[in-house]
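Biologist: Let us go through this model together. I will ask what lies behind each label.

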Amino acid sequence: MIVQAASEIAQDFGPEYWREKDRKHTFPENFWKALVGAGFVGIIIPESYGGGDMKMLEMILAMETLTSESCGLAGTWFLCLTSVFGGLSILKHGDEKQKERYLPKIVKGMEFCLALTEPDAGSNTLNTKTSAVEEGGEYVINGQKTFISGADRAKGMVLVTRTTPLEKASMRTLGLSLFLVDLPNPAIEVNPIEKHGINYSKTCDIYINNLKVPKENMLGEKDKGWYHILDTLNPERMSFSAAAGGIGILAIRKAVEHAKQRNVFGTPIGSHQAIQFPLAEAKAKIEAARLLNYKAAWRYGEEQPCGAEANMAKIAAVEAGIQAVYHAMQTLGGYGYAVEYDVERWWREINLIRLAPVTHQMALAFVGEHVLGLPKSY
Ligand SMILES: Cc1cc2nc3c(=O)[nH]c(=O)nc-3n(C[C@H](O)[C@H](O)[C@H](O)COP(=O)(O)OP(=O)(O)OC[C@H]3O[C@@H](n4cnc5c(N)ncnc54)[C@H](O)[C@@H]3O)c2cc1C
């Protein structure tokens with residue numbers, strides 16, 4: 001049912017829609033309205049707040065279908081920003097007041113963003129410097145974040161701060177705290193960064209200057225933000241695995257169509273093993289990664305540890321997806337480089353998934369240490 005409903009939306013937003021949005025750098029208003037209207041934005045939010053009452057596995061099925069049937073990364077991106085960054089974070093760690101305040105609005109399309117990455121900390125989140133200092137009944141927040149997607153439009157933000165300086169924390173993993181912040185806010189300056197792809201959505205630098213946030217906007221427990229945010233980062237990884245596999249499937253479909261009809265030496269180019277085998281191999285790897293991602297999503301839904309599966313699925317999906325798009329480009333020859341054929345756009349999109357939300361190397365480091373039991377490599 002989920003796949004069918006997502007598929008129906010995807011039919012209305014074909015590659016030409018995304019080509020234009022990417023070229024003109026415009027937000028896909030109609031697509032967002034369709035996602036909200038069909039209930040996808042609230043898919044994992046309980047019925048009592050107006051949502052679909054489903055779990056991460058259903059979310060992954062929706063993302064995968066939207067992405068692989070026509071939308072590319074956009075099929076995952078917007079749901080991840082609002083439903084995972086906003087919805088899931090609040091669902092997991094919000095108090096009743098926060099849930100009542102935000103979740104029904106999210107179901108109706110209130111956009112969210114996650115402000116985690118900092119210019120100096122990068123992959124080392126524990127080096128977060130944005131400080132939140134308690135003064136009376138509120139926190140005063142100062143700092144800088146970078147690469148914050150959707151911050152230009154979002155009305156809500158999950159902000160990762162440090163409430164106890166690293167040198168004073170009893171453990172390195174303690175001292176971070178999360179806040180819910182309403183946007184726009186005069187204490188937050190938002191500057192979009194020009195980027196390589198996904199130009200239908202802006203990714204921004206943000207500067208926070210004496211932002212005052214009431215104490216009751218803290219999400220979860222003080223100083224335990226690192227543990228809380230993992231409950232958002234694992235589903236974010238699953239979302240981007242769904243995106244990587246989905247983009248790969250989209251590119252393979254395009255390549256197969258082309259390879260069947262393109263004939264330059266008397267037979268369709270798809271009959272040559274150099275064209276056929278890499279596509280077949282990528283398809284096999286995508287399908288395997290997909291099952292691992294389902295397992296990660298299922299475990300998350302059952303509140304079981306899922307970090308190992310989430311990281312391994314991301315490693316496998318992104319490599320398979322990149323192989324698929326790379327060979328789709330080769331299959332299309334010169335047309336693979338032409339904007340009109342979309343493969344170059346998917347290539348720009350899929351390369352992000354090696355860098356974000358977690359870099360390929362950091363995901364490998366997680367598996368090395370936590371799955372294989374090897375010494376920490378950094
Ligand atoms: C388009 C886009 C959208 C984004 N959206 C968001 C968002 O909405 N919210 C948000 O908070 N962030 C967002 N990010 C940030 C993204 O999560 C980070 O860019 C990413 O986590 C990597 O951090 P960094 O760029 O600082 O790289 P760095 O941490 O500087 O890493 C650079 C390179 O060094 C490697 N490296 C670093 N340390 C090690 C190590 N110990 N072992 C092996 N290799 C290592 C990395 O793997 C990487 O290849 C976005 C980024 C982009 C590009």
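**Labels and the values behind them**

Modeller: Start with the ligand: domain 2 (113-223) and domain 3 (227-371) both give residues to the shell around the ligand, so the ligand lies between these two domains. Keep in mind that this is a predicted model.

Biologist: How many residues surround the ligand, and which are the closest?

Modeller: The shell has 22 residues. L116, G122, S123, T359 and Y378 are the closest.

Biologist: How do the residues of the shell divide by class?

Modeller: Into 14 nonpolar, 7 polar and 1 charged.

Biologist: Now I60. What makes I60 count as buried?

Modeller: The cut-off is 20 or more other C-beta atoms within 10 Å. I60 has 29, so I60 counts as buried. The residue sits in helix α4 (residues 56-71).

Biologist: Which residues does I60 touch, leaving out those up to four places away in sequence?

Modeller: M238, A242, N293, Y294 and A297. A243 is 183 residues from I60 in sequence, yet the C-alpha atoms of the two are 9.0 Å apart.

Biologist: Why is Y335 called partly exposed?

Modeller: Buried needs 20 or more neighbours, exposed 12 or fewer, and partly exposed is in between. Y335 has 15 C-beta neighbours inside 10 Å, so the label is partly exposed. Y335 is placed in the loop between α9 (307-332) and α10. From Y335 to H196, 139 residues apart along the chain, the C-alpha separation is 20 Å.

Biologist: What is the phi of E303, and where is E303 placed?

Modeller: Phi is positive, about 55 degrees, although E303 is not a glycine. The residue comes just after α8, in the loop between α8 and α9.

Biologist: How do you know what span to expect for helix α8 (residues 273-301)?

Modeller: The rule is 1.5 Å times one less than the number of residues. With 29 residues, α8 has an expected 42 Å. From first C-alpha to last, α8 reaches 41 Å, which is close to that.

Biologist: What makes the bond from L183 to P184 cis?

Modeller: Its omega is near -5 degrees, and the bond is listed as cis. P184 is in the loop between β5 (176-182) and β6 (188-192). Another cis bond joins A356 and P357, with omega about 5 degrees. P357 is in the loop between α10 and α11.

Biologist: How is the protein chain divided into domains?

Modeller: Into domain 1 (2-111), domain 2 (113-223) and domain 3 (227-371). The centres of domain 1 and domain 2 are separated by 23 Å. Across that boundary, 22 residues of domain 1 are in contact with 17 residues of domain 2.

Biologist: Which element gives the largest share of the domain 1 side that touches domain 2?

Modeller: α5, with 8 residues. By class, that side of domain 1 has 11 nonpolar, 7 polar and 4 charged residues.

Biologist: What radius of gyration would a compact globule of 378 residues have, and what does the protein chain have?

Modeller: The rule is 2.2 Å times the number of residues to the power 0.38. For 378 residues it gives a value near 21 Å; the protein chain has 21 Å, so the two agree. The C-alpha trace spans about 80 × 50 × 40 Å along its principal axes. Of the 378 residues, 49% count as buried.

Biologist: How many helices and strands are there in the protein chain?

Modeller: There are 11 helices and 8 strands.

Key: Residues are numbered from 1 along each chain as its sequence is written. This is a predicted model: local features need pLDDT of at least 70, side-chain atom pairs count only at pLDDT 80 or more; totals for chains, interfaces and linings use all residues. Helices (H or I, at least four residues) and strands (E, at least two) are DSSP runs, numbered from the N terminus. Two residues are in contact if their C-beta atoms, placed from the backbone, lie within 7 Å. A residue is near a molecule or strand if its C-beta atom, placed from the backbone, lies within 6 Å of it. Ala, Val, Leu, Ile, Met, Phe, Trp, Tyr, Cys and Pro count as nonpolar, Asp, Glu, Lys and Arg as charged, and the others, Gly among them, as polar. Domain bounds come from an automatic or database domain assignment.
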